[in-house]
Amino acid sequence: MRHRPRRLRRTAAIRNLVRETRLHVSELIYPLFIVEGHQIKKEMPTLPGVYQLSIDQLAKEVQELQALNIEHVLLFGVLEADEKDAHGSAAYQPEGLVQRAIRAIKMQALDMNVITDVCLCEYTSHGHCGVLTDEQAIDNDASLEILAKIAVSHARAGADIIAPSDMMDGRIGHLRQALDASGYAEIAMMSYSVKYASNFYGPFREAAKCAPSSGDRKTYQMDYANGAESLKEAQLDIDEGADFLMVKPALSYLDIIYRVKEKTAMPLVAYHTSGEYAMLKMAIKEGILAEDAMMETIISIKRAGADRIITYLAKELARKLQT
């Protein structure tokens, strides 16, 4: 036979030689959950290997990440119920939880790329990503004003990249204007451009204590049955000044990652979500899947078109990439 594709699969060395998709540790972004208190390192029951950390534990965490050559972290603040209010005002305080965490990380590792999630769900008493009207509907434009305050406060604290995840209409343009007016024109924005109302966020909402107290988020997050709409959302964010686009979740939306990457020339991030991570870890623990399924999963996301991947697997993958 003239054509024998198996010639290029015969040995591990040959397979490695012709491998099309490769993962590098610099492409991984590791989420961190920050809580108030001291000496806290609490593992999440539904997210094995993922911890809530108090700020005094960040030095050790950053040292571990640096040893693994992980350069990027995504910060989430986790508040108790009595620290929240209807407008999420704790989110933009100069001495707020995330603001102090940014400074702590920068004191430990100035070159660590600190990305901050900008949303209201972790800070509002009702758990929604925007403020509510008297009729309990999302007030889009009023929410933009508060989100802008959060973005500026994060930039002032030393964040390198602002990541709005709220899915309010017009947020990228509004936040860009606020950052520029405050002297932070150089701070990039990584927009959760294509964020679906997904069932794969459950473990995250437990870890971040941000489940909505009533209703759901389907009026502002995207319908998971829609594909073409992703291109509209992505283009709106490009037009408003986004520096990165993001698709979330990742594994169940590989077709969306491919579409967005095909149609835009933007750096594209995919968020391998908590539910996707939890399913994989539990299947491995039960012996249903081999450990290599972790690498296969992340490679599939990159193969679909993601340039960078937010994943709770970052540490484990980094260790494998070092061997």
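Analyst: Arg 176 is buried, with a relative accessible area of 11%. Buried here means under 20% relative accessible area, exposed means over 50%, and partly exposed covers the range in between, using a 1.4 Å probe and protein chains only. The side chain of Arg 176 forms a salt bridge with that of Asp 180, at 3.0 Å from N to O. The term salt bridge stands for a side-chain nitrogen of Lys or Arg within 4 Å of a carboxyl oxygen of Asp or Glu. Asp 180 is partly exposed, at 37% relative accessible area. Both residues belong to helix α5 (residues 171-181), and because they are 4 residues apart in it, about one helical turn separates them. Helices (H or I, at least four residues) and strands (E, at least two) are DSSP runs, numbered from the N terminus. Elsewhere, Glu 61, Glu 64, Lys 315 and Arg 319 form one network, joined by salt bridges that share partners.

The model is predicted, so local features need pLDDT of at least 70 and side-chain atom pairs count only at pLDDT 80 or more, while totals for chains, interfaces and linings use all residues. Residues are numbered from 1 along each chain as its sequence is written, and side-chain values use heavy atoms, with hydrogens and water left out.

In total, the structure holds 15 salt bridges. One of them pairs Lys 302 with Glu 27, at 2.9 Å from N to O. Lys 302 lies in helix α10 (residues 293-304) and Glu 27 in the loop between α1 (12-17) and β1 (28-35), so this pair ties together parts that are 275 residues apart in sequence. Glu 27 is buried, with a relative accessible area of 11%.

Thr 21 is also found in the loop between α1 and β1. Its relative accessibility is 18%, so Thr 21 counts as buried. Apart from neighbours within four places in sequence, Thr 21 is in contact with Ile 299, Lys 302 and Arg 303. Contact means heavy atoms within 4.5 Å.

Another salt bridge joins Glu 80 and Lys 209, whose closest N and O atoms are 2.5 Å apart. This pair links distant parts of the chain, 129 residues apart: Glu 80 is in the loop between β4 (72-78) and α3 (97-108), and Lys 209 is in the loop between α6 (202-208) and α7 (228-240). Glu 80 is partly exposed, at 42% relative accessible area. Lys 209 is partly exposed too, at 31%. The backbone of Lys 209 has a phi near 55 degrees, a positive value in a residue other than glycine. Gln 39 likewise has a positive phi, near 55 degrees. Gln 39 lies in the loop between β1 and β2 (41-44), and at 60% relative accessibility Gln 39 counts as exposed.

Lys 281, in helix α9 (residues 274-285), is buried, with a relative accessible area of 18%. Leaving out residues up to four places away in sequence, Lys 281 touches Pro 48, Met 294, Leu 313 and Glu 316. Glu 135, in the loop between β5 (113-118) and α4 (140-157), is exposed, at 64% relative accessible area. From the C-alpha atom of Glu 135 to that of Leu 245 is 32 Å, and the two residues are 110 residues apart along the chain.

Lys 248 takes part in a backbone feature: a cis peptide bond joins Lys 248 and Pro 249, with omega about -5 degrees. Pro 249 is in the loop between β8 (244-248) and α8 (254-263).

For the chain as a whole, the mean positions of the 38 positive and 44 negative charges are 12 Å apart. In this count Lys and Arg are positive and Asp and Glu negative, while His and the chain ends are not counted. Each charge is placed at NZ of Lys, CZ of Arg, CG of Asp or CD of Glu. Of the 323 residues, 53% count as buried. Among contacts with a separation of 6 or more, 73% are between residues 24 or more positions apart.
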